[in-house]
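Please read the following report alongside the sequence and the coordinates. It treats confidence, the ligand shell, the sheet and some backbone details in turn.

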Amino acid sequence: MSPAMALNEQRSKDDIPESQYQKGVKHLCEKGPLLEVPKKYILPACERPTKSVEDPDVVKPSLKLPIIDFAELLGPKRPQVLQYLANACQQYGFFQLVNHCISDDVMKSMTDVCGRFFDQSLEERAKYMTTDMRAPVRCGTSFSQTKDTVLCWRDFLKLLCHPLPDFLPHWPTSPVDFRKVVANYAEETKHLFLVLTEAILESLGITESKEELEEFGNGSQMMMANFYPPCPQPDLTLGMPPHSDYGFLTLLLQDDVEGLQIQYQDKWVTVQPIPNAFVVNVGDHLEIYSNGKYKSILHRVLVNEAKSRLSVASLHSLPFNCTVRPSPKLVGEENPKRYMDTDFGSFLAYVSSREPNKKDFLESRKLQ
Ligand SMILES: O=C(O)CCC(=O)C(=O)O
Ligand SMILES: [Fe+2]
């Protein structure tokens, strides 16, 4: 038996102490070659990503998401693009955004600096490890670190971003260019979110007043950098379990390694990365705000044997102290209110009482 196999045999018995798992999956992989996925990451058979071909849920190969051309949205073709945007949010809950105003350089610097953050030693990353969900900076692992019975093959860095000057002093100082690059990226994505939100409201037939749009401007922004190391048995585990995003809109930047899958017509389909495009998805707040017209869709992340993968989700919500409800402009006799009013407090109470897995929170807000 080779030394590596001997090591793995020993490690696969899962004598890995609990405290090691909490340091993250990257750390686990660096401690020695893992030829098998430790038991702690193995999903029950029915939740694993690959299923037999007889299974009706069998994965469709890949899906071409609707592509929204941002430049066209701002030009004379706006009415047609708004129609296309409405279809995308209704039928897929997801679209790819190309020709947006954020330069390739800014996008590249962002994935690059986040990659370098995860490349650092455990000691450096451990400075930000906490299980406090409200911390302005949090390095962690899995999905819901303290609650997951089966862990996910993912490490993350979560940063609160808005209002920026308040949070900046909490952000990592290493790599040295981290704060500068991420602050610039956060500002540019916030601006893009606002222009996109205006278009989304218009596509719903709502022309918001200046004050209402300002509310979105004052809303929260959170950045989630996800790192998925290569995995020796990717069929047994997931990078992220099926979930929908809490919030209004998510702007996702991913590297060129595929992994994101969305649920489409009851099947899991893979989203093909397009260089420098954003994958944009409807969050729970927008589903509620649109009174169910636009859909917050379940998505999950596969890992693979050969390559690590990096993604950065910029999650935009209304201000935390604000009540989210179906827009009164969309509710009437013909279209009764389908969701109860909800606030951030009720969301937090919900996630601390149950596993925030699947679309449960949104289901719990439905009125019928
Ligand atoms: O890594 C991805 O592609 C998706 C990440 C995601 O769903 C999230 O951060 O909420
Ligand atoms: Fe997500």
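The report below begins with conventions and confidence and then turns to the ligand and the fold.

This is a predicted model, in which local features need pLDDT of at least 70 and side-chain atom pairs count only at pLDDT 80 or more, while totals for chains, interfaces and linings use all residues. Residues are numbered from 1 along each chain as its sequence is written, and chains are lettered from A and ligands numbered from 1 in the order in which they are written.

The protein chain has a mean pLDDT (the predictor's confidence in each residue, from 0 to 100) of 88, and 90% of its residues reach 70 or more. The scores of the model are ipTM 0.99 and pTM 0.92. Over residues 6-10 pLDDT stays under 50, and the model has 6 contacts (C-beta atoms, placed from the backbone, within 7 Å) beyond four places in sequence for this stretch. Where pLDDT is low, the predicted coordinates should not be read in detail.

Which residues surround ligand 1? Counting a residue as near when its C-beta atom, placed from the backbone, lies within 6 Å of the molecule, the shell includes Met224, Asn226, Met240, Asp245, His299 and Ser311. Strands S6 (221-228), S8 (249-254), S12 (299-301) and S13 (309-316) each give two or more residues to this shell, where helices (H or I, at least four residues) and strands (E, at least two) are DSSP runs numbered from the N terminus. By class, the shell has 6 nonpolar, 5 polar and 1 charged residues; here Ala, Val, Leu, Ile, Met, Phe, Trp, Tyr, Cys and Pro count as nonpolar, Asp, Glu, Lys and Arg as charged, and the others, Gly among them, as polar.

The unreviewed UniProt entry places the feature "domain: Fe2OG dioxygenase" at residues 219-318, with the caveat that such annotations may be inferred rather than shown by experiment. The end C-alpha atoms of this span lie 4 Å apart, and the span is 6% helix and 44% strand.

An open sheet with mixed pairing is formed by 8 strands in the order S2-S3-S11-S8-S13-S6-S5-S4, two strands being paired if DSSP finds at least two bridges between them. Strands S2 (67-69) and S4 (137-141) stand at the edges with a single partner strand each, so one side of each is left without a neighbour in the sheet. From one strand to the next the twist averages 25°. S4 pairs with S5 (residues 155-160) in the antiparallel sense over 5 bridges, and Lys158 in S5 is the bridge partner of Arg138.

Two helices lie across S5, S6, S8 and S13; their angles rest on axes fitted as lines to C-alpha atoms, for helices over the stretch in contact, and run from 0 to 180 degrees between N-to-C directions.

| Helix | Residues | Angle |
|---|---|---|
| H6 | 104-119 | about 115° to S13 |
| H9 | 178-203 | about 135° to S8 |

Some backbone details lie in loops. The peptide bond from His162 to Pro163 is cis, with omega near 0°, and Pro163 is found in the loop between S5 and helix H8 (164-167). The bond from Ser174 to Pro175 is cis, with omega near 0°, and Pro175 is in the loop between H8 and H9. Asn99, although not a glycine, has a positive phi of about 55°.
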